[in-house]
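Please keep the sequence and the coordinates at hand while reading.

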Amino acid sequence: MDELKTRAAIDALNRIMELELAGVVKYTHYSLMVYGYNRIPIVSWLKGNADESLAHAHKAGELVTLLGGHPSLKIGPLLETEQHDIGDILRESLAHERSALAAYYELLQIAEGHSVLLEEYAREMIVSEELHQDEVNKMLRRPGETAAFKA
């Protein structure tokens with residue numbers, strides 16, 4: 001990749017890292033705010049998402065350093081909505097996942113035709129994020145509904 005594309009890729013990876021670190025904080029917070037009969041499996045699922053976000057942030061940071069960049073110390077947006085119903089938490093999660101997905105598509109656009117490594121990484125992460133969105137979408141559906149949830 002030329003210097004301009006490398007700089008753009010580093011910037012995109014740093015944005016991804018920031019978003020994924022925000023995911024760690026959000027999912028950890030959400031896991032503390034779940035109450036009710038289904039608390040245990042939902043808390044476990046949210047903690048798993050926090051762990052996955054941390055792994056994603058670490059991977060993005062490793063790629064930043066591979067390209068000769070400096071990993072960001074910033075964390076993406078953390079908006080406290082004061083909404084703690086499980087449906088609200090899931091809708092916020094879906095919005096967060098959409099932001100992350102857009103960032104991975106942006107990286108793919110930068111890398112296409114210039115770096116197979118970054119292309120494959122972006123594609124792998126897009127698959128992961130799209131599957132995660134599908135999981136959240138299914139959780140937001142009423143039991144028995146087969147149509148996708150519309151926000």
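## Salt bridges within helices

In which helix do Asp-134 and Lys-138 both lie, and how many residues apart are they? In this predicted model, both belong to helix H4, where they are four residues apart, about one turn of the helix. Their side chains meet in a salt bridge with an N to O distance of 3.0 Å; Asp-134 is partly exposed, with a relative accessible area of 31%, and Lys-138 also counts as partly exposed, at 48%.

The structure holds seven salt bridges, and one of them links Asp-11 to Arg-7 at 2.9 Å, N to O. Both of these residues lie in helix H1, four residues apart, and both are partly exposed, Asp-11 at 32% relative accessibility and Arg-7 at 43%. In helix H3, Arg-91 and Asp-88 are three residues apart and form a salt bridge whose closest N and O atoms are 2.9 Å apart. Arg-91 is partly exposed at 36% relative accessibility, whereas Asp-88 counts as buried because its value of 19% is under the 20% cut-off.

## Nonpolar cores

The largest nonpolar core has 24 residues, and those touching the most other members are Leu-13, Ile-16, Ala-60, Tyr-104, Leu-107, Leu-118 and Tyr-121. Helices H1, H2, H3 and H4 are the elements that each give two or more residues to this core, with the largest share, eight residues, coming from H3. A second, separate core of 14 residues includes Tyr-27, Ile-42, Trp-45 and Leu-46.

Leu-118 can also be followed through its contacts: leaving aside neighbours within four places in sequence, this residue is in contact with Met-1, Ala-9, Leu-13, Leu-63, Leu-67 and Ala-111.

## Surface and annotated span

On the surface, Val-25, Ile-75 and Leu-78 form a nonpolar patch with about 240 Å² of accessible area together. Ile-75 lies in the loop between helix H2 (39-66) and helix H3 (86-111), and this residue is partly exposed, with a relative accessible area of 43%.

An unreviewed UniProt entry lists residues 3-147 as "domain: Ferritin-like diiron". In the model, that span is 75% helix and 0% strand, and its end C-alpha atoms lie 46 Å apart. Lys-150 is found in the segment after helix H4 (116-140) and counts as exposed, at 70% relative accessibility; its C-alpha is 19 Å from that of Ala-100, a residue 50 positions away in sequence.

Notes. Residues numbered from 1 in each chain as written. Predicted model: local features only at pLDDT ≥ 70, side-chain atom pairs only at ≥ 80, totals over all residues. Heavy atoms only, no water. Buried < 20%, exposed > 50% of the residue type's maximum accessible area, 1.4 Å probe, protein only. UniProt positions renumbered as here; feature names shortened; annotations may be inferred. Patch = residues over 30% accessible without salt bridge, like charges linked within 9 Å, V, L, I, M, F, W, Y side chains within 5 Å. Areas by Shrake-Rupley, 256 points an atom, 1.4 Å probe, with all protein chains shown as cover. Salt bridge = Lys/Arg side-chain N within 4 Å of Asp/Glu carboxyl O. Core = buried A, V, L, I, M, F, W, Y, C linked by side-chain atoms within 4.5 Å. Contact = heavy atoms within 4.5 Å.
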